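Dear colleague,

I am passing on the structure we spoke about, and below it you will find my notes on what turned up. Please read them with the sequence and the coordinates open beside you.

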Amino acid sequence: MDFLEKEQLIDEKLLDHGHYFQSFFLEVCRKNLISNHQMEKIQMELVELMGKEVERFTNDESSSIPIEKAQDILQSITYNIGYFLKTTTDMTQKLDNLKLMKISELYYKGMEGVTACRGKAEQLLKDIQKNAQKFNNYAYQDTIFTGLPEFFYNYNMEFGAHDIPGCFDYPLITTITDLLGVEFIYEFLRRLSLEQGFLSHYSELAINRLLKSFEKEAEHMLINIYELVLTNALACALLGKDSKELTISTKELDWLYQTLLPLNMPELTDKLFYAFQVLQEELLLEPGEMQYTIAEIPQIAQRLEHNLQTNTLDKIFLPSLEVFVKEEFYEDGQPMEDDRLRELIEKLRGYRLTSDKVAIMKDTVRSQADFIELLNECFYDEEYEEVFASLNEIEKAVLKKSILLESGQKHYEDYEPMKEWQRLLFQME
Amino acid sequence: MNDQFMLLPISLQNRQTALALQQCNDVTAKFGLQLTEPEIGQLIEHRKEALEKNGRIEFGGGVIQKMIMEFADSAYLYQENYAETLIELQECFYYFKNESMEILSDDELIKRMKMYFDDVCHGSIEYLQTTMLENYCRDIRYDTKEYEEMNGYEDNYIDFMDYEREDW
C-alpha cells in the first residue's frame, strides 16, 4: 500500500483529537491497515502497561481498582500515546510508529511531549499574567490569576493527563471543543494571549467604559471582552474615526444602521474586512493577532446581519454612555458616619439662607452619597438651582451618571426623573 | 469513546489467571486442597461477575492467588467446600475493598479476613461478611475506632453495637 493510498484511507480531520489514539487505532483496525497479530500485540502491550500503571497508582498494594479510576488511568495512557502520534503529520509515519514501536515506548515519548507542552503553557501563563490589564470583570481576573494556576498545581500527567483540573470561566471568542488535558490549556492560553495582545492596544479605561456600556454589572458577567472591543473598534473604523476610545454615539449608530442596512451578507463581510484593514493600519497588529482576528470576521458579519435585520444594532456596536465625560478626573471621598450625617442634616435644616447651607455643605461633604442624601433632606424647590450652581462641570456629570446608572438606563432620553432636583439637574446644560 | 475497555482483551487476562491458579495447586496439595479445571473456570467466571457487581477492574492474575495462599492452612477449609468457599471469599473481598474506601491494601484485607474467618467466625462466611467485616469497614469509613490496632479477639464490635442500641 503506498503513501497516497494510506493518506486517503485515514482522514486526519475525522479523527477525534481529544481521544486521538483510540480513534486512530479503531480506524486503522477498521480499514485493515494492520494484521490481526499486530492488533493483538498492541492490545497485549496496552494491558501490560495498564497493569504496571495500576500497580504504580496503588503502590503495588491493590491488584484491582474501581472502574472509574481505571478508565481515568487508561485514558491518561492513551492520551499520552495519542500526543506522541500527533507529533507527526505524516500518516505513514504514524502507522509505522504504531506498528514498530512498543506501546510503552510510545507512552513514555508522549509523556515527554506532554511535559514539554506543560512547560510552554506555564511560561505562556506567566507572560499573560505579566501583561494582564485590570478589566472590571471577575471571570477574566479569576481565570488568569486563580483558575489557570490551579490547573498547573493539580495537573497529574501520569494518571490524569487528559484531565483539565481548574476553573476557567472566562469564555474565549470561540470555544475549544476537541482538545483535552494540557493541549486544551495550551490552546486556551495561546488564544487568550492573542486576544490579550489585541486588547493591549486599548486603554483599560476605554475598555472598562465599554464594558459598562454593555451592561451595568458587566463585572459579574461571563463575556468575552475581546469580542466587544473588536466589534466596537470595527465600527469606529467604519465611521472613519480613531478607534482608541471605542466610543460610538447614538447618532453615529444611526448612520451605521442606515449605511449597512441595504448591504447583503458578502457585502457586509467585505465591509468588515475593509474596516479591519483600516484598523490594522492604525494598530499594527502582530501576524498571529491579525490571523486570529481575521478568522473571526465572518462570524461577526453573520451577527451583524442578524442585528441589522432585527434593528438591534446597539447589541453588537455598543453606543457609549454620555455620562463618561471626564469621569477620570473625579474621585469620590469617604461617606460620613450615620450619626454625623444625621447631625449635619439637623443643622442645615436650621439655616434660613440657602447660601449658608451650600457653604456648609461644600465644607463638610466629601462623598456623592452624602451629597444626594442632603439634597433629598435639606433643600427645597428654588434652592436646588443654587446648589447646582456651586458644582463644577465634572461634579455635575458624575452626579448625572450616578443617577442614570442607578435607574438602569443608558441614555438621558430614556430616563424619567423621580425627584424634582433630578429633573432640574437633567434640564441644566 | 466511552467504552475505553474495548481496547483491552479480557480473554487474555483470563488465560493468565487460569495458569496462575493451576500453579497454586502445587502449593495447596500439602493441605489436601486442589482445584479442578472446571472449578478454576467457575472461579474465573465468578471473579468477572464479582468485579462487575462491585464496579471494579483487575489486572494480572488477580487477588485469588494471594487468597489461596493465605487461606490454604485454614482449619475450616477442606476439599469439599474449597472451591465454593473461595468463590464466596472472593466476592466478599471485592465488596469490602469498596466498603473500606480503598484504605486497606489487598494484603491487609486478606489477612484480616483470614484472622476473623479462623477465630471469631469459626469458618462462617456469613458472619464474616455481615458482622465482622461490615463493622470493621464502617469503623474505617467513620474513623470511629483505632481500627488498625483491633485484633478481633475482644468484644469490640459487640460493644459498638450495644452502644448503637442504647443510643436508639
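Between chain B and chain A there are eight residue pairs in polar contact, both residues at pLDDT 80 or more (a polar contact is a pair of N or O atoms within 3.5 Å; within protein, one must be able to donate a hydrogen and the other to accept it, and residues adjacent in sequence count only if both atoms are side-chain atoms). On chain B, the side that touches chain A draws at least two residues from each of α1 (10-28), β1 (56-58), α4 (79-99) and α5 (106-118), helices (H or I, at least four residues) and strands (E, at least two) being DSSP runs numbered from the N terminus.

This is a predicted model, in which local features need pLDDT of at least 70 and side-chain atom pairs count only at pLDDT 80 or more, while totals for chains, interfaces and linings use all residues. Residues are numbered from 1 along each chain as its sequence is written, chains are lettered from A and ligands numbered from 1 in the order in which they are written, and side-chain values use heavy atoms, with hydrogens and water left out.

Chain B and chain A have zero salt bridges between them (a side-chain nitrogen of Lys or Arg within 4 Å of a carboxyl oxygen of Asp or Glu), although the count over all chains is 27. One of these joins A:K357 and A:E383 at 3.2 Å, N to O; because A:K357 lies in helix α15 and A:E383 in helix α17 of chain A, the pair ties together parts that are 26 residues apart in sequence. A:K357 is buried, at 3% relative accessible area, and A:E383 is buried at 12% (buried means under 20%, exposed over 50%, partly exposed in between, with a 1.4 Å probe and protein chains only).

Best wishes
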